[in-house]
Amino acid sequence: MFSTVLIANRGEIALRIARTCREMGIRTVALYSTADRDSAVVRFADRAVHLGPPAARHSYLHIPSIVEAARLTGAQAVHPGYGFLSEDPDFAEICEANGLTFIGPPPRVMEQLGDKAVARRLMGEAGLPVLPGSVGAVRSPAEARATAARVGYPVILKAVAGGGGRGMAVVRDDAEMAGAYQETRAHARAVFGDERLYLERYVDGARHIEVQVLCDRHGNAVHLAERDCSVQRRHQKLIEESPAPNLPDPLRREICAAAVRGALSVGYVGAATFEFVLAPDGRFFLMEVNCRLQVEHPVTEMVTGIDLVREQLTIAAGEPLTLRQDAVRPRGAAVEARVNAEDPGRGFLPTPGLLTEFVPPGGPFVRVDTHAYPGWLIGPDYDSLLAKTVAWAPDRDQAIARLDRALAEFRIDGPGVRTTTGYLRRTLADPRFRAGRHTTGLVAEMAAEEAAAVG
């Protein structure tokens with residue numbers, strides 16, 4: 001096992017990784033930009049290294065500085081968390097070239113699955129159902145229209161290098177295509193540095209079901225059941241839960257088995273998430289594979305009792321999986337809500353500012369992953385996630401009630417700071433969500449209903 005791990009990330013995920021490392025007796029090195037010099041992980045980690053100014057390209061994305069920090073601190077492995085460099089095969093390769101173990105899949109596998117068009121082909125060859133769409137990237141609006149004519153509208157344009165719900169646009173007819181294509185391509189170029197787009201059929205009334213998978217270097221793989229992430233705003237997840245409500249057990253087993261089969265087919269190593277669209281008629285299709293720890297991983301940890309970061313570390317150290325599929329027995333239900341420093345009343349505009357008060361909830365079976373504290377300045381340079389709140393209970397109704405109670409307990413204040421706790425509670429109370437009959441269209445439906453009520 002490693003003696004020192006460098007955490008190439010920030011915020012709550014950096015702190016969460018550091019905590020597991022400490023439990024395992026592993027020393028940690030935190031990285032921080034000037035804006036994060038007072039962050040919680042800087043105080044928690046065994047060592048902290050200043051990377052540079054707030055701009056991510058000069059700090060959390062600056063590979064030479066990160067590798068140098070690892071060298072100077074004697075780190076043997078790098079945990080990338082999620083976002084930033086977590087799915088950058090070049091970074092993984094550079095780590096390996098410098099004698100550092102990258103805690104994630106092999107660079108070649110990451111490169112294949114990170115190219116969504118290639119991933120569609122590989123998973124199709126492995127027998128997984130993929131949505132009808134373009135074979136590779138579509139190179140012009142005209143080619144996109146021709147492909148849409150073949151697969152049928154509505155369709156969704158996606159960035160080949162995309163992820164995290166960004167770089168997507170639903171297109172419902174030919175008239176929308178040219179504008180959507182140009183806008184999505186520009187977004188993809190700006191965010192991912194790769195303007196290529198691909199296209200696939202968009203399923204109205206669908207659910208988002210994803211499966212957590214673990215694979216070791218010895219050909220062993222297990223799934224840790226599924227999560228339902230259908231509550232989304234502009235393809236960004238807001239609420240996640242496990243198990244997925246109203247999912248027939250035979251279908252649940254089929255989706256989970258498909259994820260494991262897909263992972264083994266490409267020689268995956270580490271933690272992966274296979275994301276699927278579940279159509280109203282019960283058919284499911286692979287959307288993409290995420291080669292990293294997910295934001296919503298605590299949901300799985302709460303129902304399985306398995307520490308995913310610990311598993312990542314042991315796999316990266318070359319140890320065989322000690323988990324066997326028949327020993328993975330999810331219990332009860334867990335629901336997670338992401339609390340952001342945003343103002344739902346102003347289109348979810350981020351609200352940076354000084355936190356004069358921050359009191360997270362407590363109580364039985366409630367977990368709060370956060371890096372926030374009173375006196376911490378929410379800066380404008382990074383995402384607005386303040387806390388992930390997860391509630392577990394023997395059944396879904398109790399878990400939702402417990403999460404609602406927890407969200408109501410939050411005390412967060414500061415000049416200009418607004419949060420999404422109230423909006424999340426309204427979503428939890430929605431009859432469609434309560435019944436587990438919601439789809440990825442829930443948030444848009446709620447917005448339309450609120451607009452109609454106003455006038």
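Glutamate 445 is partly exposed, with 33% relative accessible area, where partly exposed lies between buried (under 20%) and exposed (over 50%), using a 1.4 Å probe and protein chains only. This is a predicted model, in which local features need pLDDT of at least 70 and side-chain atom pairs count only at pLDDT 80 or more, while totals for chains, interfaces and linings use all residues. Residues are numbered from 1 along each chain as its sequence is written, and side-chain values use heavy atoms, with hydrogens and water left out.

**Salt bridges**

- Glutamate 445 and arginine 432 form a salt bridge at 3.1 Å, N to O; a salt bridge is a side-chain nitrogen of Lys or Arg within 4 Å of a carboxyl oxygen of Asp or Glu.
- Glutamate 445 belongs to helix 15 (residues 442-454) and arginine 432 to helix 14 (residues 431-434), so their pairing ties together parts 13 residues apart in sequence.
- Helices (H or I, at least four residues) and strands (E, at least two) are DSSP runs, numbered from the N terminus.
- Arginine 432 is partly exposed as well, at 24% relative accessible area.
- The whole structure holds 35 salt bridges.
- Another of them joins arginine 120 and glutamate 200 at 2.9 Å, N to O, and both residues are buried.
- Glutamate 296 pairs with arginine 338, with 3.0 Å between the closest N and O atoms.
- Glutamate 296 is buried at 1% relative accessible area, and arginine 338 is buried at 12%.

**Domains 1 and 3**

- The chain is divided into domain 1 (4-103), domain 2 (132-201) and domain 3 (207-453), with bounds from an automatic or database domain assignment.
- The centres of domain 1 and domain 3, taken over C-alpha atoms, are 24 Å apart.
- Their contact (heavy atoms within 4.5 Å) takes 31 residues from domain 1 and 27 residues from domain 3.
- Domain 1 and domain 3 bury about 2,300 Å² between them, 58% of it on carbon and sulfur atoms; buried area is the accessible area (1.4 Å probe) that two parts lose on being put together, summed over both.
- In domain 1, Glu12, Arg16 and Tyr82 lose the most area to domain 3, together 26% of what that side buries.
- Four salt bridges are counted between domain 1 and domain 3.

**Helix 11**

- Helix 11 (residues 308-316) has eight of its nine residues buried, including Leu308, Glu311 and Ala316.
- Just after helix 11, glycine 318 has a positive phi of about 90°.
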